[in-house]
Amino acid sequence: MKAFASILVVVLGAVLLHASKDFPLLGDAMSPANNHPVARHYIEETVNDTHVRNLVTAVLADYRGYDTMFETVVVFVAGIGILAVIGVPTARIRQNENLGSTRQFGVDSDLIILQTCRLIVPVLQLFALYVIAHGHHSPGGGFQGGVLFGASYILLALSGGLREALRRLSESLSFRLAAFGIVLYAGVGLLSMALGGNFLDYAVLDRLLPGDVAMARSHSMLIVEAGVGFTVTTILFVIYANLATRGNLEDGL
Amino acid sequence: MIYVLDFLLLIFLVVAAVISLRLKDLLGASMVLGVYSFLICLLWAAMGAVDVAFTEAAVGAGVSTVILIATVYQTRRISKD
Amino acid sequence: MDLLEYILGKSNYWASIVLMMIGLHAMISKNNLIKKLIGMSVFQTAIILFYVSSSAKRGAKIPIIHPHGDHADKADHAAEAGHHAADAVHHAIDATAYENPLPHVLMLTAIVVGVATLGLALAMVQKVYAAYGSIEEDEVLAAIAEATANGASISMPSPSDSPAQGDVSPS
């Protein structure tokens, strides 16, 4: 197997390196990828259309919003998948199943670590909310803020024990919030369909949101980013909680 | 875009990837994968892809490393190859 | 220095290809399941590196439009800067001054999907370890062969096997 893998890798690598002769040099502004009319349209027209200065957020949440909705669904399905593999009662891995001696899971947390992390967690959560909300004007957006928020719960679990984190965000609440995030995203799309436009066509939501058409697009982007943030936060925490305890959420890492 | 910085980071990147895959201690391998994620995040930030770098720093160097270490903790720490 | 310029211009692509091959080799030939997943992670980030390299532009700004458009330094606009500042953003934005945002967007999705995949794969690794006691591929395959040779079915432990083992009911 190793010989086959080595030969395959060498041959494939040689073919790809030979093909790299035709790639444009790094930094070429006139390369086909950079010169494409779609890319130029996004750079030139985004601020006029949506009043959002961060091009990546605008393309992610508005021009390619359908893509992002299904990406959120993928994250949610991964959470459900982890639940199905190790989280539900019939799938839970027992303590002494093929594992030899049982381990001692201690939940006694170190005082310095606990108190330091208690200072960090609220600041981290506030920063995560800022990243979600300010994603229109600076690097950020729903995913980045959602991951930061989820990481704050993971930090709480690492420093004070998983029970502390589960007291604040239990598994059932996590899944409800994750589903709510997707419902919020798809709900915005269905609402715009109900008002006469296409699915996820934010321009027709101008009737319900303050400001002109471009501001309506900006506000709807914030709403869908919040939905993405909900899902990503809770599912990342669920992934960590299930992986750290082999599904039974009894004692933490 | 500073080309020399770019080139150095690429060399470190390849070295980190090879080390991560050759360590027998899986805890060390996960940590070096975290280093690899940080280096590639720096590379993307140097190339101007700030959103991608932000996401990789949060996801790759943060959550991904933590869940990998959690799994190593629950299974075996030393691998045979 | 043409050769130097050529090397610096293509080194990103070469590094991406080398990393892809490292990741692919690890996924195929390593026995340990966690090493396979590390290889998968390296492969995914190498692909993302390739895409992001294709969107780089020399001397371009990051893809966040500067608040005063591109004409903040033009002297002949200074007189109209008073009430035209609000419209400055609506001046034509030079497309070659900003990075191409499209690959960045696609790669954001790729990173998040990658971590979701990694999480699920790690859960499966834990399940394999619990069922067969090992995460080395050859030992697992041997255990499966032995289990089927003995006629036992390969089933996951069910709740009826060992009652009152400290299993809490879901609350």
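**Figure 1. Packing around helix H3 of chain A.** The buried residues of H3(A) pack against H2, H4 and H10 of chain A, together with helix H4 (102-132) of chain C. The model shown is predicted. Within H3(A), the buried positions are Ala39(A), Tyr42(A), Ile43(A), Thr46(A) and Thr50(A).

**Figure 2. Geometry of helix H3 of chain A.** At Glu44(A), H3(A) bends by about 45°. The end C-alpha atoms of H3(A) are 19 Å apart, which agrees with the 20 Å that its 14 residues should span at 1.5 Å a residue. Following H3(A) is His51(A), with a positive phi near 60°.

**Figure 3. The contact between chain A and chain C.** Here 57 residues from chain A meet 58 residues from chain C. On the side of chain A that touches chain C, two or more residues come from each of helix H1 (2-19), helix H2 (32-35), helix H3 (37-50), helix H4 (55-63), helix H5 (65-87) and H10 of chain A. H5(A) provides the largest share of this side, 9 residues. By class, the residues of the side of chain A that touches chain C are 33 nonpolar, 13 polar and 11 charged.

**Figure 4. The contact between chain A and chain B.** In this view, 18 residues of chain A are in contact with 15 residues of chain B. Helix H7 (142-160) and helix H10 (213-244) of chain A each contribute at least two residues to the side of chain A that touches chain B. H7(A) gives the most, with 6 residues. The side of chain A that touches chain B comprises 13 nonpolar, 4 polar and 1 charged residues.

**Figure 5. The fold of chain A.** Chain A contains 10 helices and 0 strands, and from the N terminus on its elements run α-α-α-α-α-α-α-α-α-α. Its radius of gyration is 23 Å, whereas a compact globule of 253 residues would have a value near 18 Å. Taken along the principal axes, the C-alpha atoms of chain A fill a box of roughly 65 × 60 × 40 Å. Of the 253 residues in chain A, 41% count as buried. Among the contacts in chain A with a separation of 6 or more, 68% are accounted for by residues 24 or more positions apart.

Terms used
Residues numbered from 1 in each chain as written. Chains lettered and ligands numbered in written order. Predicted model: local features only at pLDDT ≥ 70, side-chain atom pairs only at ≥ 80, totals over all residues. Contact = placed C-beta atoms within 7 Å. Helix = DSSP H or I, 4+ residues; strand = E, 2+ residues; numbered from the N terminus. Nonpolar A, V, L, I, M, F, W, Y, C, P; charged D, E, K, R; others polar. Rg over C-alpha atoms; globule rule 2.2 N^0.38 Å. Buried ≥ 20, exposed ≤ 12 C-beta atoms within 10 Å, placed from the backbone. Expected span 1.5 Å × (residues − 1). Bend = angle between axes of the 7 residues up to and from the residue.
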